[in-house]
Amino acid sequence: MTPFKLTPIGAAVLLMIVGSSPASAQSAAAPAAAEPLQTIQVTGLRRSIRTGEEIKRDAIQVVDSINADDIGKFPDRSIGDALQRVAGVQVARDLGETNKVIIRGLPDVATSINGNEMFTAVGRRISPQDLPVQSVAGLDVYKSASVNQVEGGMAGAIDIRLRSPMDFAPGSTTAAAYVAARRSETEGSRNSPAKNNPGAGALVGKRWKNDAGEFGILLDATIAKDHWGYPVQWNDQPDRLFSVGTDGKATRLQDDQPIAPLKAGDRLGNLPHIGGIYNMGDRERSSVHSSFQWKVNNKLDFTAHVLSLGYKGRSETDYLFSIVGWAPELTGVTLAPDGAYCKTKIGNICPILAATAPPTTWDPYTATSTQARKDNSKTNYFSLALQYKDGPLKVTSNAAFTRSRYSSDLIIVDQQVPNATATVYTNDASGHGGFTSITTPTSSNPLADPNQFVLRGLVQTWNEDKGSQAQWRTDVDYKLGGSLLEGIAGGVRLSSRDASSDSLDRFTETPNGERRRPNDVFGAGFENTVPGIDRLGGPFSTPSRDFLLDKTDVVRAYYGRGPGRLAADPNRSFDQTERTSSAYLAARLRTELAGIDIKANLGARVINVKRELNGKSQIGNVVSDIKLKTSETNVLPNLSAVVGWRDNVQSHFSIGKTISRPDFASLNPALSLTPPTVNAPGSGGSGNPELKPIESINADATLEYYFAKNGFLQLALFNRRIDGYLINIRNDEVIDGLTYRIDRPQNSAKGLLRGAELGFQRFFDSLPPALQGFGLQANYTYITGHNETPTGFNSGKFTRTALQNVAPHNYNVALLYEKHGLTGRLAATHRGEYLEMPNASRFGLDHMVKAATYVDLSLNFNINKHVNIQFDALNLTKAKYESYLGDPIRPRDVRYSPTAFGVALHFKL
């Protein structure tokens with residue numbers, strides 16, 4: 001490929017965003033590059049987009065790429081934020097961060113760094129919010145598999161290419177830095193103050209030659225701090241039933257009563273509990289990356305990378321709720337008219353839209369609660385790579401080591417407003433619920449008055465997760481130059497992975513069940529007023545996060561507990577070891593038929609996995625030791641081809657088998673319980689050591705047209721035949737006489753996912769001069785599919801449902817501009833409505849998530865060759881997560897994503 005030619009301004013832009021020229025994404029088993037695109041002078045954003053276009057065109061697999069300049073122009077801090085711009089990629093946002101990446105609707109996405117596995121704690125993947133884009137040269141999103149890649153990732157794979165010192169010019173010394181600030185505005189809570197969130201980073205690199213060869217060294221570091229807010233208003237799952245009369249009064253049915261109206265003229269209704277969560281906190285993410293390269297001669301070079309990722313968090317989850325659904329009687333009831341939405345698996349039950357729960361015969365449990373958390377993680381990665389090239393032979397050997405640890409301490413104190421009267425609604429004009437009023441005999445606004453509360457229980461939770469891995473791989477490629485068999489490639493890989501977890505979750509009631517005022521026990525500093533949620537009346541009083549975290553032993557002492565952490569619960573601990581051996585062999589083919597150029601890879605990967613798992617399993621009151629040793633072997637064949645129909649028209653074709661192994665936490669048999677209280681039933685979760693790998697037969701086909709000077713138009717079709725898709729099953733279990741809602745994962749039966757992508761990318765250089773500089777990136781993905789979902793845990797029966805977390809309609813549209821030193825991007829990312837959990841409640845209603853569109857803006861201006869200023873705005877549409885059960889008339893959650901505005905200065909020193 002002919003190298004790009006950078007203008008001085010382009011070089012300044014490249015360095016000011018701490019950029020580098022990305023390495024080729026072509027794999028060792030891939031064929032030779034396609035004919036080069038027409039060479040033009042490009043800079044900055046154009047250069048990075050063009051580089052991604054070349055990677056896409058040349059690779060034997062179906063791949064889309066983002067490169068350093070492109071990432072630097074995004075209003076993004078983490079790789080998760082950047083990846084949402086790629087066709088067919090969707091993301092999930094939680095607590096103001098992108099915490100999950102989904103390819104073509106499926107969440108099982110493998111991640112690697114320079115071809116090696118990397119992970120956070122006991123997971124199999126790196127958390128996308130952990131890695132800042134400033135340490136990254138490029139991201140390659142593989143939508144079809146290749147036998148030379150590490151197995152895993154039924155949906156696809158993301159390879160993260162770290163910066164390397166020889167990405168810079170020979171003989172150069174590079175120094176660059178940036179400082180940034182974002183102002184985050186919390187939505188859904190008008191009383192939340194806006195906060196400034198600083199960030200900074202720096203890079204130094206040097207490349208030189210002497211008699212021993214050519215050398216390069218690089219060091220970059222970043223730090224970002226966030227003060228974040230994330231309000232949530234929720235309606236609980238439908239549970240209790242009422243017989244509703246025409247006079248607006250309702251009587252609750254007991255569990256042992258028939259599901260039928262109590263008297264003629266009544267209708268059955270359901271009133272969920274109403275509440276919300278005000279999440280806020282402070283977090284700090286940091287990274288330090290260094291790289292050393294030594295090119296001994298034209299045949300041999302050596303590369304080392306060291307990457308350290310850190311996270312520190314101090315946060316609170318402030319609950320506010322009123323348990324109205326358990327009241328024996330309701331007044332002022334508004335029942336929805338009879339309609340299709342009233343049909344459930346247990347009968348015709350319509351939602352109650354509004355009601356009042358008085359404390360005459362039942363004190364509607366109205367409470368606030370603070371979950372105060374401090375957590376941190378540390379992940380260290382080290383790799384050594386040796387590459388030898390001599391004529392037709394290329395050998396690459398790579399060793400990598402990862403160690404990751406996550407620690408969390410959580411303390412929870414509940415408090416209640418006695419003698420409350422709650423008037424609530426479940427669905428208004430905006431489609432959500434909330435409080436009309438909460439009152440007591442002595443206060444019209446008791447939620448904001450600490451003296452209206454009494455103390456309830458204490459929960460102490462801590463968690464320690466550890467993971468480590470040693471891996472080694474060697475890949476060999478040999479060019480034969482034959483008329484059909486162009487080359488062969490093969491390789492071996494060994495991996496040893498350990499994962500362990502220890503934890504505790506313990507509930508303690510107040511001494512002798514006393515109901516004392518919090519400030520009378522702990523003093524005035526114990527209570528804090530948080531900004532609250534607009535739909536629930538705004539500010540409310542709740543235990544102070546800082547008091548709970550800084551004076552934990554004082555709180556423990558009142559509840560009769562000693563200082564420090566309680567001992568680990570052996571029923572919740574697990575230890576797993578996984579040893580993996582794999583090898584692959586591939587033939588690289590090339591021929592021409594009737595003037596049509598055909599290149600293909602045909603091969604197979606063989607993987608053997610040996611696993612040891614130690615832990616305990618609890619189902620109901622039965623606790624049993626688990627000591628499992630398993631071994632499995634899988635063969636993954638693959639055929640990938642590129643067909644060049646014309647110089648500017650080609651197709652990618654691929655068919656192969658993939659497997660995805662369950663996360664270590666999903667295999668953990670230990671049961672984690674949150675005890676029931678008077679305000680809510682108990683809940684819990686457990687893994688399942690009997691889980692099998694998910695298998696998928698993947699087929700992909702594309703038709704790609706490349707414009708003469710820049711850009712392309714593409715149609716891609718894909719099909720996934722899935723066996724054993726993982727799904728969480730919720731069952732009620734009685735443990736020590738108490739009922740818990742327990743979630744456990746289980747393999748499904750057969751499933752199918754298929755769809756199409758349409759993509760377009762181009763700068764419009766043919767426009768009149770005043771409009772030149774504009775470009776457009778647009779893609780649309782349609783997905784359809786189904787799954788044979790278990791009707792219950794180990795039920796042996798299945799029902800056809802939509803695939804979880806798969807949105808049928810998704811698109812990304814970005815308007816681009818680059819000219820006169822100004823670069824701009826206005827990007828819209830849309831994820832359509834999707835199923836989050838089938839049969840999610842007693843009524844058998846599907847938990848659906850509504851469509852959402854996020855719009856972000858980024859503007860960059862080159863002040864001079866040394867300084868660049870960037871402005872960004874996130875979530876201009878104030879998009880949010882909204883869900884419902886069965887029908888929008890039964891809303892479930894509304895989660896308010898923040899809006900943020902930022903500015904950054906980039907320097908080349």
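These legends walk through several close-up views of a predicted model. Local features need pLDDT of at least 70 and side-chain atom pairs count only at pLDDT 80 or more, while totals for chains, interfaces and linings use all residues. Residues are numbered from 1 along each chain as its sequence is written, and side-chain values use heavy atoms, with hydrogens and water left out.

**View 1. The main nonpolar core and Leu 307.** A nonpolar core here is a set of buried Ala, Val, Leu, Ile, Met, Phe, Trp, Tyr and Cys residues joined through side-chain atoms within 4.5 Å; buried means under 20% relative accessible area, exposed over 50%, and partly exposed in between, with a 1.4 Å probe and protein chains only. The largest core has 36 residues, and Leu 106, Leu 131, Ile 158, Ile 160, Leu 307 and Leu 753 touch the most other members. Among the elements that each supply at least two residues of this core are helix H4 (79-83), strand S7 (156-162) and strand S15 (300-323). (Helices, H or I, of at least four residues and strands, E, of at least two are DSSP runs numbered from the N terminus.) A second, separate core of 30 residues includes Leu 330, Ala 355, Val 530 and Ile 533. Back at Leu 307, contacts (heavy atoms within 4.5 Å) beyond four places in sequence include Ile 113, Leu 131, Val 288 and Tyr 381.

**View 2. Asp 872 paired with Arg 182.** A salt bridge is a side-chain nitrogen of Lys or Arg within 4 Å of a carboxyl oxygen of Asp or Glu, and by this rule the count comes to 45. In this one, the closest N and O atoms of Asp 872 and Arg 182 are 3.5 Å apart. Asp 872 sits in strand S46 (residues 867-874) and Arg 182 in strand S8 (residues 173-185), so the pair ties together parts that are 690 residues apart in sequence. Both partners count as buried, Asp 872 at 5% relative accessibility and Arg 182 at 13%.

View 3. Glu 486 and Arg 588 form a salt bridge with their closest N and O atoms 3.8 Å apart. This pair links strand S25 (residues 485-508) with strand S28 (residues 574-593), 102 residues apart. Glu 486 is buried at 17% relative accessibility, and Arg 588 is buried at 3%. For Arg 515 and Glu 509, the closest N and O atoms are 3.3 Å apart; Arg 515 is partly exposed at 32%, and Glu 509 is partly exposed at 32%. Elsewhere, Lys 56, Asp 64, Arg 104, Lys 143, Asp 700, Arg 720 and Glu 757 are linked in a network of salt bridges.

**View 4. Asp 534 in its loop.** Look for Asp 534 between strand S26 (527-533) and strand S27 (538-543), where it counts as partly exposed at 25% relative accessibility. Leaving out residues up to four places away in sequence, Asp 534 touches Gly 188, Ser 189 and Arg 190. A polar atom of the Asp 534 side chain lies 3.0 Å from the backbone nitrogen of Arg 190.

**View 5. Asp 236 in another loop.** Asp 236 lies between strand S10 (213-235) and strand S11 (241-244) and is buried, with a relative accessible area of 16%. Not counting residues up to four places away in sequence, Asp 236 touches Pro 272, His 273, Arg 741 and Arg 892.

Methods
Polar contact = N/O pair within 3.5 Å; in protein donor to acceptor, adjacent residues only side chain to side chain.
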